[in-house]
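Q: I have not looked at this one before. Can we go through its salt bridges?

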Amino acid sequence: MAYNLCASASSLYQPLWNSLSSPSRDPKTKPSTYYFTKLPTFPPQLKPSSLLQLTTTHVSLRDSVPQQSAKEEENVRDPIGKEAGTSSKSYVWVNPRSAKASELRRKSYDARYSSLVKASEDLNSCEASVEEVSRVLNGLGHNLLEQDAVVVVNNMTNPAAALLAMRYFRDKLKFNREEVMYNVTMKVLRKCRKMSEAEELFDEMLQRGVKPDNVTFSTVISCARMCNLPEKAVEWFEKMSSFGITPDDVTYSTMIDAYGRAGNVEKALNLYDRARAEKWRLDAVTFSTLIKIYGISGNYDGCLNVYEEMKALGVKPNVVTLNTLLDAMGRAKRPWKAKIIYKEMIDSGLTPTFATYAALLRAYGRARYGEDALVVYREMKEKSMELNVVLYNTLLSMCADLGYVDEASRIFEDMKSCKVEPDSWTFSSLITIFSCSGRVSEAENALNAMVEAGFEPNLFVLTSMIQCYGKAQQSDDVVKTFNRLLELGITPDDRFCGCLLNVVTQTPVEELGKLVQCVEKGNPKLGSVVKLLVQDNHEGNFKEQAAELFTSVAADVKKAYCNCLIDLCVNLNSLERACELLDLGLTLDIYTDIQSKSPTQWSLYLKSLSLGAALTALHVWINDLTKAVESGEVLPPVLGINTGHGKHKYSDKGLASVFESHLKELNAPFHEAPDKVGWFLTTKVAAEAWLEARKEAEVVAAV
């Protein structure tokens with residue numbers, strides 16, 4: 001009986017064979033001494049029934065039977081305690097070379113356990129039939145115990161054979177706790193993601209009068225989770241109360257993930273709050289779901305808070321967790337956070353996956369971190385990762401916004417070589433890139449390829465084409481594109497008309513007539529204002545018509561309309577109308593904070609204006625300075641003009657470089673500040689002298 005207990009307590013006791021071999025002895029040397037071996041004895045508190053319970057309580061919750069604690073292991077090795085060391089009955093002197101030692105090795109747990117595992121392996125590979133399963137299990141002999149059945153089924157990975165093995169043991173043995181056998185069988189079904197079979201096995205339990213326990217439900221719930229069936233997990237969790245079973249912390253923790261993925265966010269977050277209060281043990285999968293919940297709801301700070309709590313609790317993030325967080329930071333447009341998280345992933349020894357690179361590419365692409373996105377793209381290509389059309393479109397859209405024309409061409413060629421089919425977004429981005437850079441033939445080729453691929457050009461694409469032809473001053477093609485838009489039944493919107501207005505500002509005076517007609521068709525109110533400017537018609541109230549126009553268009557295009565109309569006035573040498581439009585823009589808050597005054601500096605801010613609007617604002621400011629001096633107002637020590645330091649993404653010139661030339665033409669004493677980028681400064685004395693000289697020049701010119 002003592003041997004049977006030793007053999008059956010497979011996961012609890014250190015094999016006798018291990019104690020027969022000295023770990024410190026060199027196996028190559030002959031034994032010159034004999035060894036004393038402590039035979040396994042069992043403390044009173046470990047009865048056969050308790051051994052069964054310890055062996056099987058958690059077997060359906062883990063992939064393998066959990067290891068003992070150090071204290072339990074010590075008790076097993078020395079179950080009587082320290083005083084037992086004085087008892088001669090606890091030890092037997094064995095000559096390692098004797099036949100008795102060989103017999104003890106043969107009867108040790110290692111030999112028994114190995115035969116059980118071997119049976120599991122044979123069952124995994126055999127045909128799932130009653131005959132074959134019976135043949136394998138008959139080889140174990142007739143002295144089978146409940147624990148033997150648990151070990152065999154627990155090590156199986158063939159679900160059909162596992163069900164037959166369970167029924168074989170059920171017919172051969174009288175189980176003290178039959179639910180344990182069902183639980184380990186369900187664990188095999190969970191391991192193989194067989195949800196429907198697990199539900200059928202549960203029904204069989206009920207039909208046989210076997211009462212399910214907490215482990216049964218935990219196993220079925222985790223099976224649903226592994227099968228990506230969160231609704232099923234919720235269904236089974238909510239069944240537990242009808243069986244009088246109270247979920248444990250492990251089950252509750254699992255349900256945070258299940259409720260989150262099933263869409264019941266409120267329930268998931270309530271359970272998470274309870275988990276924090278009661279200090280439940282949560283796994284990385286649950287934290288990943290919580291991060292995803294917060295990310296979908298747009299609470300990106302919540303994502304980061306969950307991540308920090310996870311680390312504080314000592315739960316090591318896995319790749320899925322970090323990928324989920326990277327994706328959230330991409331949608332939050334926080335690429336700097338994505339960089340930090342990626343570095344933490346690498347530092348922790350985790351290997352980035354395709355999902356990692358895809359999340360980084362989206363994060364950098366959306367935030368227009370051009371160089372970082374291209375680095376990730378190149379690394380993906382080096383690792384032979386295949387990008388999909390969405391990722392290619394992300395890169396091309398970023399290139400369009402940043403003016404990366406050559407990079408976009410190379411990416412598109414790579415896309416074609418990888419046989420990834422472009423969609424309408426792909427062609428739209430390409431046409432935008434070529435149009436903004438003035439590459440007419442490339443833009444036309446992309447448009448033709450789009451049509452050949454079965455995609456009709458939309459409003460966005462035709463807007464880009466009009467911009468392209470406008471840059472090339474191909475007015476006839478602008479008109480053709482506009483007419484094509486109408487033929488397709490597309491209604492011009494405010495943005496399209498704004499682009500058309502911008503083309504008008506780039507068109508020679510002799511070609512303006514044909515374009516004005518297009519503007520009138522697209523937006524009659526805008527066409528009326530443009531016609532007054534082009535025809536230099538002073539009849540009617542120009543300012544009133546312009547105000548009515550600005551009131552009728554969307555807020556996000558008002559400044560663009562006003563800038564273009566002022567540019568057109570400057571091109572037509574209509575400074576008076578330009579000043580009227582600037583004043584109207586200030587009155588309607590289209591322009592704000594253009595001028596500022598402090599005791600130490602008066603400033604003009606131009607960086608949000610077009611070139612024509614900026615020149616008009618400078619003209620008005622100079623007149624204001626002249627009036628201030630004439631009225632006796634004291635100028636401050638410093639006067640400054642802020643143009644900003646950027647340049648247009650599709651041009652080598654910025655407002656600062658153009659303005660520098662204009663200030664020299666005016667002989668103005670403003671000079672670029674070496675320590676303040678985008679600022680042109682002058683002193684009170686220099687400004688007053690210059691204004692006085694301008695006044696004298698005007699007097700002379702008038703004579």
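Q: What joins Arg276 and Glu309?
A: Their side chains meet in a salt bridge, 2.8 Å from N to O. A salt bridge here is a side-chain nitrogen of Lys or Arg within 4 Å of a carboxyl oxygen of Asp or Glu. This is a predicted model: local features need pLDDT of at least 70, side-chain atom pairs count only at pLDDT 80 or more, and totals for chains, interfaces and linings use all residues. Residues are numbered from 1 along each chain as its sequence is written, and side-chain values use heavy atoms, leaving out hydrogens and water.

Q: Where do Arg276 and Glu309 lie?
A: Arg276 is in helix H15 (residues 265–278) and Glu309 is in helix H17 (residues 300–312), so the bridge ties together parts 33 residues apart in sequence. Helices are DSSP runs of H or I with at least four residues, numbered from the N terminus.

Q: Is Glu204 buried or exposed?
A: Glu204 is buried, at 14% relative accessibility. Buried means under 20% relative accessible area, exposed over 50%, and partly exposed in between, with a 1.4 Å probe and protein chains only.

Q: Which residue does Glu204 pair with?
A: Arg167, in a salt bridge of 2.6 Å, N to O. Glu204 sits in helix H11 (residues 195–207) and Arg167 in helix H9 (residues 159–172), 37 residues apart. Arg167 is partly exposed, at 28%.

Q: What about Asp327 and Arg331?
A: Their side chains also form a salt bridge, at 2.9 Å. They are 4 residues apart in helix H18 (residues 319–331), about one helical turn.

Q: How many salt bridges does the structure hold?
A: It holds 35.

Conventions:
Helices (H or I, at least four residues) and strands (E, at least two) are DSSP runs, numbered from the N terminus.
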